Amino acid sequence: MIGSAMDDEVFRALADPSRRRLLDLLNARNGQTLRELCAELDMARQSVSKHLAVLESANLITTVWRGREKLHHLNAEPINAIADRWIHQYERRRVQLFADLKTALEEPVNDFVYTTYIRTTPERLWQALTDPAFTKEYWGLYHETDWAAGSAMVWHQGDVAIAGPGQVVVEHTPYTRLSYAWHHITPEFAKEVGFDEQTYERASTEPLSTATFELEPVEDQVKLTVIHSGFEPGSTIRTMIQDGWPRLLADLKSLVETPSGALVNQ
C-alpha cells in the first residue's frame, strides 16, 4: 500500500472523531492497553477495538506486546509521509496544521516506537540491518559482532571504535527480530559527532538503552517496527533519537527500494 492509497486510508482513519480521540489519548500518554483506553471513552470495548484496528491498519498506531499486555503506541510515519507528499501544495496556514499534528504525534515518551513499510523481502532487509557493507552506506557505521545473543558488539563510526560493558546482542532471530544494546557515549564518540561538553556529560551518564527491530512480511513489503526502549525520564539520548530514527529509516528505505542500490542482486 503506497502513494495515494495509503494517504486515503490515513485520511479515512483520521476522519472519525472517536479515532482522533484515541490518538489524543495516546499522545497524552503513549503505550496504553485496551483496558486503559476504554476507561477514557464512553463506548463498548468491542467498538474501541474496532477503532484501534482501523488506526493500526492505517499505520497510525503500532502495537507492542510486553509480557501479557498489548500496548498501543502512536506512529508518526504516515504523518511524515503525508507532510512530505502534500506540504508544497498548501499555503503556510494549512501547512502549519500538518506541522502541529506531526509535532503532536512525535512528542517524546519513554519508549520510541516507529513503523514503516519497505518494499523488499525480509532477507534483504535483514541484510541491510546487519551487514557492515550496507549499514555503512545509509548509517555511516557498522557493528563488529558474531550476532549471537549475549555476544559483545563494537560500534565503528569513522575512526572511532565504541565498546563497553553491557554493549551486547540481546536477540538474533534471522528475518524476524533483532535486538541489541545501544552504544556507550565515549569521549571519542562525542568528539566525532560534535557533542558539546554539557551534552556529553548528560548522555554519558545514562544507562544503556535497547534498540529492537521487528520484521513482518506483508504482501510484497516488510513491516519494520523499531522499538527503542529503556530511557530514563528526561533522557538526552531519547531526545536525540526522536528525529534521528525517522531520518535513518527513510535512508534505509531508499537504499533497499532503489533498483540501483547496493542491495540489488545481493
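Buried means under 20% relative accessible area, exposed means over 50%, and partly exposed lies in between (1.4 Å probe, protein chains only). Keep that cut-off at hand for the exercises below.

This is a predicted model, in which local features need pLDDT of at least 70 and side-chain atom pairs count only at pLDDT 80 or more, while totals for chains, interfaces and linings use all residues. Residues are numbered from 1 along each chain as its sequence is written, and side-chain values use heavy atoms, with hydrogens and water left out.

**Exercise 1.** Decide whether Trp155 and Tyr180 are buried or exposed, then classify their ring pair.

Step 1: Trp155 has a relative accessible area of 1%, so Trp155 is buried. Tyr180 has 0%, so Tyr180 is buried too.

Step 2: Recall the rule for rings. Rings of Phe, Tyr and Trp (its six-membered ring) pair if their centres lie within 6.5 Å; planes under 30 degrees apart are stacked, over 60 edge-to-face, and the rest tilted.

Step 3: The structure holds 13 aromatic pairs. In the pair of Trp155 and Tyr180, the centres are 5.7 Å apart and the planes stand at 80°, so the pair is edge-to-face.

Step 4: Now place the two rings in the chain. Trp155 belongs to strand 5 (residues 154-157) and Tyr180 to strand 8, 25 residues apart. Strands (E, at least two residues) and helices (H or I, at least four) are DSSP runs, numbered from the N terminus.

**Exercise 2.** Find out which type of pair Trp182 and Trp245 form, and where they sit.

Step 1: The ring centres of Trp182 and Trp245 are 5.6 Å apart with planes at 55°, so this pair is tilted.

Step 2: Trp182 lies in the loop between strand 8 and helix 9 (187-193), whereas Trp245 lies in helix 11, 63 residues apart.

Step 3: With 10% relative accessible area, Trp182 is buried; Trp245, at 2%, is buried as well.

**Exercise 3.** Describe the surroundings of Thr120.

Step 1: Thr120 is in the loop between strand 3 (112-118) and helix 7 (122-130).

Step 2: Its relative accessibility is 9%, so Thr120 counts as buried.

Step 3: The Thr120 side chain makes a polar contact with the side chain of Arg124 at 3.1 Å. A polar contact is a pair of N or O atoms within 3.5 Å; within protein, one must be able to donate a hydrogen and the other to accept it, and residues adjacent in sequence count only if both atoms are side-chain atoms.

Key
Contact = heavy atoms within 4.5 Å.
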